[in-house]
Amino acid sequence: MGSEKGANLLQTYRETAKVFSKTSRLSNKLWYGLAQEMPIQWHISIDRLGIVGALWSSQDGSWSSGPPVDRDGLMSPSDDRFQAWIEETQCSVLQKKSRALGVVIHLHDNFHLHEIKDEFVGEGVDFLELDELLRLAPESALSADFSQSGDRRLFCALPYWGALPTGRRAVALQATPSFEAFAAGLVAFGEKLDIPVKVAVTIAPLEVLRLYRNFDGGSEASHQTGKIIIVRSVDSFLLAVYSESHQLRCVKQVASAGEGGLPLHFGKILLNLAASQELDSPSFEFIDVTRGTVAPIDLGSVTEVSCRELVYPEGNDVPLEFLNRLNNDLEGDGSHDDSALIDSWPDRSLYSLACDDPNLVPSQAVLKSLMFSRILRLLVVLAVPIIVGFCAVTAIKNSFQDHWKVGKSDEMESVAEHEKLTIEKKQIIYLSSLLDSRAEGWVPLTALLDLFPESSGILISSFDVEYFSVPASKRAKTLPMRQTWRIKGHATREGLRHLVSLGAKAKIEKVFEEISEWSESESYRTSVETRSLNVVLQQKKEAMVGNSHIPTSHAESYDKGFEIMITRDFSEKDPVSLVIKVPRTGGGA
């Protein structure tokens, strides 16, 4: 195992050295930026009827026409097209020094909304954790059955910051990446040319929602009654419900009738949506992002609701969603605790590549460390002969001095004193090891409140903590230890979500770090390299049996049995390991 680990480290070093010597990642920090942060950005808007592209340059903050691209180019691109696209984006804005390209794909219709399971969208939901779960394992969080097709599906969470107390607090966004060959090919070709190419995929109607306060016809008075904003694309209508405090409460997607046509009874759909979200007399505002590819409609004249169309000020020659990158007028009033997330969420990309994974590509800090290590190695190579020569000359010169000449009696006395001090030091280390705090009995009992709050919907039936030694090698001077926590109990459906979070190793490590802080016990720290932690969570459908303390009617709600096993291993090099070799007590001259 040791040789395998050494081989992996050597391979990682070689790959890092290759990236250091053959790419510009060390000098060009844009390799580690987002597509929306690149100095040259190629924005591409896609719907069923057409594709529109434009280039944005940070040099003068202006837009220009982008490289020609059609649907065939997106679906089955070639190396010749990749080279032509990259060269044109670099040359057309006269910024060759930038050597970077951000590609932002704005989807109009190639996305869907999916309901999320109740246990993941209730009060107190962590939107970042939910977003990560949808990206990694969407089938575990979606309400409807999700069967993976041949294409990879992209998911992320859309939070409802202004949701009703009894309403859902998020919905899942899903896109089918028919453009993935185009995106991955651009990135790969950029790697070949040593040019950072970053790709992001966003939902155009959501981006347009961030801009609506810049539209002509917007009314601040509608904040007092709430509003429903209708964003029209070629294949669907996106209905966004905003609360009286101007926060997103709900989003619905309604399919168009034909190419951009109104669905049947569209007015009733709007009124029913307003009633379900408890808005008495909301305002209705309409934004058309079809770019004139379908026949215009007047919602106010064909529905039973009064609807005002919002028109962006003239003078903009690019699609509305492209202007989102320039918009500083942020959603929300900044009073929400998660205002930073509210502001940035519409810009979150549904798309990521393996080449952006920090575990696969060395970071700029790692490359700088490699550079400094090479400089240090060169200095050491130059300094060693000088230091060795100086020490040799000094030793030869001092060997002729009188104070270097030690008598036999002085030598024996010095050796005896050294042996005596060495024995005393070993005794001190041994006694200190025996007195180290390892197993305070009150700490695990108190720690249960950190793991299972009183209102978590979980009942503990048994809790065992064991400490025992682990066999060590014959030459070992210390004894490894193992600590196990075994917790059994039952949980309600409401407590299941909290129970699932305890199955994550990172969650338990965080709890143990907190225990170490308030108990002032170093033995509970998990950030020590000589310690390891493992968590095993087992669940089974097993209703709790009532007893004299818990009535059967109440026990039946605890229908999920579980067992959590937490194992902590302390190696023989750990500060709290037991010293097994007792030092001798004699000594002296």
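Rings of Phe, Tyr and Trp, with the six-membered ring taken for Trp, are treated as a pair if their centres lie within 6.5 Å. In the predicted model examined here, Phe463, Trp485, Phe512 and Tyr524 form one aromatic cluster, and the count of aromatic pairs under this rule comes to nine.

One of these pairs is formed by Trp42 and Phe182, whose ring centres are 6.0 Å apart and whose planes stand at 75 degrees to each other, an edge-to-face arrangement. The two partners lie in distant parts of the chain, 140 residues apart, with Trp42 belonging to strand β1 (residues 40–47) and Phe182 to helix α5 (residues 180–192). Trp42 has a relative accessibility of 0% and therefore counts as buried, the cut-off for that class being under 20%; Phe182, likewise at 0% relative accessibility, counts as buried too.

Strand β1, which carries Trp42, is paired in the antiparallel sense with strand β2 (residues 50–57) over eight bridges, and a hairpin of two residues connects β1 to β2. Within this pairing, the residue that stands opposite Gln41 is Trp56 of β2.

Strand β2 also pairs in the antiparallel sense with strand β3 (residues 62–65), here over four bridges, with Ser57 standing opposite Ser62 in β3. These two strands, β2 and β3, again form a hairpin, in which four residues lie between them and Gly61, located in the turn, adopts a positive phi of about 65 degrees.

Methods:
Residues numbered from 1 in each chain as written. Predicted model: local features only at pLDDT ≥ 70, side-chain atom pairs only at ≥ 80, totals over all residues. Heavy atoms only, no water. Phe/Tyr/Trp six-rings, centres within 6.5 Å; stacked < 30°, edge-to-face > 60°. Buried < 20%, exposed > 50% of the residue type's maximum accessible area, 1.4 Å probe, protein only. Pairing = 2+ DSSP bridges.
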